[in-house]
Amino acid sequence: MKTLRKLFKPMNRPLPDDTQCSQCRYFDTSDPRVVQTIKEEFPHNWSNVLYSARCKCDDMFHAKQVKQKSLWNESNLPNRHGNSLPNTFDTFKEVKGVSQGLSKAMSMAYGRGSHILTIVGTYGCGKSHLLEAVAREWLHRGESVRYEYVPSMLNQLRSRFSSEDNGSLWTALEEIFKVKLLVLDDLGQEAPTEWTRKTLTEIVDERIRTDGWLLCATNYTQDQLRERLDERFVSRLFDRADFVVMTSSSYREKK
């Protein structure tokens, strides 16, 4: 970034070094020495120059805050309000049968390992907690995330578009695809129809094609998903990506 000295050369008297911000390289315009120097150097438009010379760190911090708030609002992440503790890695209780799932989830949380991970387990084993924990880590780093409860997502898509309206459906899916990490909870709970199979397969295919990040949770085994969906979908989700089986059935009671 250009400094004020380069922007407004020649200056007969440089601004004091100790008033220059080490981060943005602009200046502390509340310092009387800066004000006086600029007034003398630019008598006709000194107020505009003074404004241009001010330290930009507050502006950048504010812009970062606005972006961070927007990411959280658009994430659709559950449990963001109220007095309950958020589902994070710090609040995750490690019980028997969850260690491998916790390890793989933490790897994805920090951008390591497979870009597609499916967590399989029975109701109450801690799957959804790990999904939220991963999503929160990404959001804290300023990365875009979208959490979707699969039955609700498919119902919303179906209510807006017919199965023949492929162009409009793709436009809606693009809104989901634009995030860096897509989180799908309760995969397989939706009614198994040709439309749901096609839509879910398209979502997984897009993540594979673009090397995107996808985190899923399901109560169903591979064989059960084959019955509810199809071989093509299961092959993409399990054979071409990573998965882990959580064997705990008592995690919820331990919380």
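The dialogue below goes through several features of a predicted model.

Trainee: What does the secondary structure of the chain come to?

Mentor: The chain has twelve helices and five strands. Of its 255 residues, 44% are buried.

Trainee: How should I read a helix, and which residues of helix α3 are buried?

Mentor: In α3, which spans residues 46-53, the buried residues are Val49, Leu50 and Ala53. They lie on the same side of α3 because they cover an arc of only 100° around the axis. Asn48 and Tyr51, on the other side of α3, are exposed.

Trainee: How should I read a strand, and how many residues of β4 are buried?

Mentor: In a regular strand the side chains alternate between the two faces of the sheet. In β4, six of the six residues are buried, so the strand is largely enclosed by the rest of the structure. Trp213, Leu215 and Ala217 are on one side, while Leu214, Cys216 and Thr218 are on the other, and both faces are covered.

Trainee: Which strands pair with β4?

Mentor: β1 runs parallel to β4, and five bridges join them; here Leu117 stands opposite Leu215. β3 also pairs with β4 in the parallel sense, over four bridges, and Leu181 has Trp213 as its bridge partner in β4. Between β3 and β4 the chain passes through helix α9, residues 194-210, in a right-handed β-α-β crossover.

Trainee: What is the general idea behind a nonpolar core, and which residues have the most contacts inside the largest one?

Mentor: In soluble globular proteins, nonpolar side chains tend to be buried together. Here the largest nonpolar core has 30 residues, and those with the most contacts inside it are Phe89, Ile119, Leu130, Val134, Leu181, Val183 and Leu215. Among the elements that each supply at least two residues of this core are α4, α5, β1 and β4. Helix α6 gives the most, with seven residues. A second, separate core of 29 residues includes Met153, Leu187, Leu225 and Val234.

Trainee: What is Leu130 in contact with, beyond its neighbours within four places in sequence?

Mentor: Leu130 is in contact with Phe89, Phe92, Gly101, Leu102, Ala105, Ile119 and Met246.

Terms used
Residues numbered from 1 in each chain as written. Predicted model: local features only at pLDDT ≥ 70, side-chain atom pairs only at ≥ 80, totals over all residues. Heavy atoms only, no water. Buried < 20%, exposed > 50% of the residue type's maximum accessible area, 1.4 Å probe, protein only. Arc of directions from axis to C-beta. Core = buried A, V, L, I, M, F, W, Y, C linked by side-chain atoms within 4.5 Å. Contact = heavy atoms within 4.5 Å. Pairing = 2+ DSSP bridges. Right-handed = clockwise from strand over helix to strand, strands pointing away.
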